[in-house]
Every structure is written in structure tokens, then in C-alpha cells.
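Please look over the sequence and the model below.

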Amino acid sequence: MRTVRTFEASIANPQQVGDDLDQLGWAASKLWNVSRYYAQEQWDDTGEIPDDGELKAELKGHERYTDLHSQSSQRVLEELAEAFTGWFAKRRDGDSRARPPGYRKRGDSHPRSTVTFKAAGFKHDAQFTRVRLSKGRNLKEHRSDFVLCEYELRPDVDLTEWDIQQVRAVYTYEEWRLQFICRKSIDPDPPGDGVAGVDLGISNIAALSFGSESILFPGNALKEDEYYFGKQKAKCDDSRSNERLRLDRKRTERRTHFLHTLSKQIVSECVERGVGTIVVGDLEGIRDNENGESRNWGSHGNLDLHGWAFDRFTSILDYKAETEGIDVLIESERDTSKTCSACGTKDGNQRVERGLYVCEECDTVANADVNGAENIRQKVTPSPSQDRSNGWLAQPSVHLFDRSEGRFAPREQVVDCKP
Ligand SMILES: [Zn+2]
């Protein structure tokens, strides 16, 4: 499995390298403008915009092209071609306000563009935590032929564990920083051969079953956020569209954080218990209830959360599980809410009251979501023998999202088994 990460570093010797990086950043903007101009001419003449292959072929002899290392220049032209492609895609999708990429010029001056250094354009020195960035032929004449940046990374990052694919010099908030785009192959052994089932829902965002133990993750924090942001947005009239955008961004950040935390927690519970496979109930069941109607959050309005959250959740879970060597399988949720996970009886008339599933056949009382999760688990692994104690089905431990800590914490739970 291949993992790609970007690590951002500050530059420890900005006085020494700032001028050189400025030169490179301005050169990248000038090359952008040259190629943007060329693209415009082609566009006017032929009605077509050149792709990055044509841009490279046409502009490689240009004076501005040789200001930068050839790979850095190629990257500028690729960025321009990508910007045109992105604009086409937006227009095709009906966004009439989308504009083609512009020129990088502010009055008489140029902004400092990001400069990318690929394999031949940088040399990393791990021992002295510095990296040598190559300049283009034109900029070499006056000074040395490279920029030697000393950098400082977060202390928990060790670049020697990674293959550095690219280095980017990025100018933000009035300073240059470096981004290391890194890759490594990892192939971890799974923590064991256990199987866990996950049932996704609304009031409990996830129920987790290990076959002899279960955990519930209530969606309280998400629901409170939906309510809060819904109310705040309703207060904004049309004249405050920026405020609405800000609220949307904030809400998305909060949802994403919640889902990351939830997946991380689920994966770590699985690692602790030697689980090598996580089975997730297919999301179709989340979107529609048994009558084919969309479920929602009820009177305060859930709106668009469910489809978004659950697609996003499975992809985050998949990615976090993979780094631990755990497989994630998706299985249909069909009948999982109607079947008794203890005896296998399937009956549409089973009683589900106050979140409890009660089997008429074997008298098992189970938390309904845990029962669903256990049925999902059993799609991949055989059911345990029926004479086993199944009290755990009714007594999941509950991990509540704690806002102040930003994580899930176990909660003492009082279980009421009387249906
Ligand atoms: Zn039963």
C-alpha cells in the first residue's frame, strides 16, 4: 500500500535564502504569464487552448523558461493547463460565473508563485536538515546555482522514513515555507483475524459489534451542530452571504473532524481486539427507511447530512484501517434490522421499542443497533453458538463525543432492559 503525505516546514535561514526564493517565485509568475499569453493567442487563432504538452514544446526555448529548473518550469505549464481544464469542467457543469485562469500580475509587480522542485531539482540533506533547490540557467549566472534552505519540521516527523517526491516553495502570509511531498510503501500485518460489524445510523451514528462485546457511538455532537448551524444560517439574510459561506465552511470542518475522530476511535478499538476485518452495512439502508423514504434528523432538520456524512465516513474509515492492515468490507444491510442475531429468526413483526429489539423466538433482548451490527458481522463470519451468553447485545458500552476534549470517551450507562 502506498501512502502519500505532505509535510510543511518553516525555513530556518530566511535571511540567506529569501532573495533567491523571491527571484524564483517571480520567475514562475512571469513564465505563467508568458504561457497564458501564448494560450490566448492560440485560442484566438484556432479556437482551441493548447494542452501542457504543446505548451512545453512551444515554450521550452523561451528565456523565461530557463529562469527555473526545467522540471520547475514544466510544472508551471502543467498548472496552467490544469487551471484551464478546471475551468472547462466548471463551465460544463453550468457554472456561468467561472472565469478562465488569469494573469499573475498586480500593477507593475508580480506575485510570488509557488515553485515546485521534482526529483532532479532538489537534493535533500537529512543530517543537516536542509535541502538544495536548483535554479534555472538564467538565474545561475549572477549567484550560486542553487538555494540552500535549512528547514524546521514538526518534531514528530522524520523525513528519513519517507521518499521525498517533490519539494514546493510556497509564499504565504509574507513568508516562504517548504512543503515536502512524500511517499512510502507500508504493508502492515493485520492486528488479528477477528471480525467487527458496523451499523451506521442516525441517533447512534455507529454501532460496533465484536461478537461478544459492543460499543455505541451516539451522534449527539453532529446533531447539535446541525441544529446550531441551521439556526445561525436562518438568521442570515441575503445581504450576509459571506457569513453564510463562513458558517457552511465551519460546519463542514466540524463534521469532518467528528468523522475523523470516530473512524480513528473505531480502528483503535479494533486493533485492541485483534480485528483484521471490519464489515460496514451498506449505506443504501441509511438513505431510505423500509418504506423507501429518506430518513432525516426530524423536526430540527437534518437536511443534507446523511448521504454526505456516510460516504465520507466510509472513505475515512477505509483509509485509517488500511494503515493498520485492517480490511474494510461493505455488505448489504438487507434484513439486518429484522433478524435476531442470536437465533437467526427473521420476522418483520419483531418488536423494536425504545431502541430495543426483542426476539419472540428465543427471548433475546438486544439493543436494536447492536443487533444490526452483529448481523452485519455475521455476514462475514459464522454466528457464535447459540448457547453463548448474549447479554452483551443489550448492554453496549457507550462512547460519547466530548466536545471539550474533541474525542470519544466511555460513559457510564444505565441500561433499562424492560421493553
Ligand atoms: Zn432470537
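Among contacts in the protein chain between residues at least 6 apart in sequence, what percentage join residues at least 24 apart? The share is 66%, where contact means heavy atoms within 4.5 Å. The model is predicted, so local features need pLDDT of at least 70 and side-chain atom pairs count only at pLDDT 80 or more, while totals for chains, interfaces and linings use all residues. Residues are numbered from 1 along each chain as its sequence is written, and side-chain values use heavy atoms, with hydrogens and water left out.

The protein chain has nine helices and 17 strands, taken as DSSP runs numbered from the N terminus (helices H or I, at least four residues; strands E, at least two). Of its 419 residues, 44% are buried, meaning under 20% relative accessible area with a 1.4 Å probe, protein chains only.

Helix α1 (residues 14-46) and helix α3 (residues 70-92) have axes that come within 9 Å and cross at roughly 50°; axes are lines fitted to C-alpha atoms over the stretch in contact, and angles run from 0 to 180 degrees between N-to-C directions. The two helices are therefore oblique to each other, a class left over once angles under 35 degrees (roughly parallel), over 145 (roughly antiparallel) and 65 to 115 (roughly perpendicular) are assigned. Residues making the contact include Trp 32 and Trp 43 of α1 and Phe 84 and Trp 87 of α3.

Asn 375 lies in helix α9 (residues 368-378) and counts as buried because its relative accessibility is 8%. Not counting residues up to four places away in sequence, Asn 375 touches Thr 336, Thr 339, Cys 340 and Ser 341. Val 198 is 177 residues from Asn 375 in sequence, with 9.4 Å between their C-alpha atoms.

Note on methods: Buried < 20%, exposed > 50% of the residue type's maximum accessible area, 1.4 Å probe, protein only.
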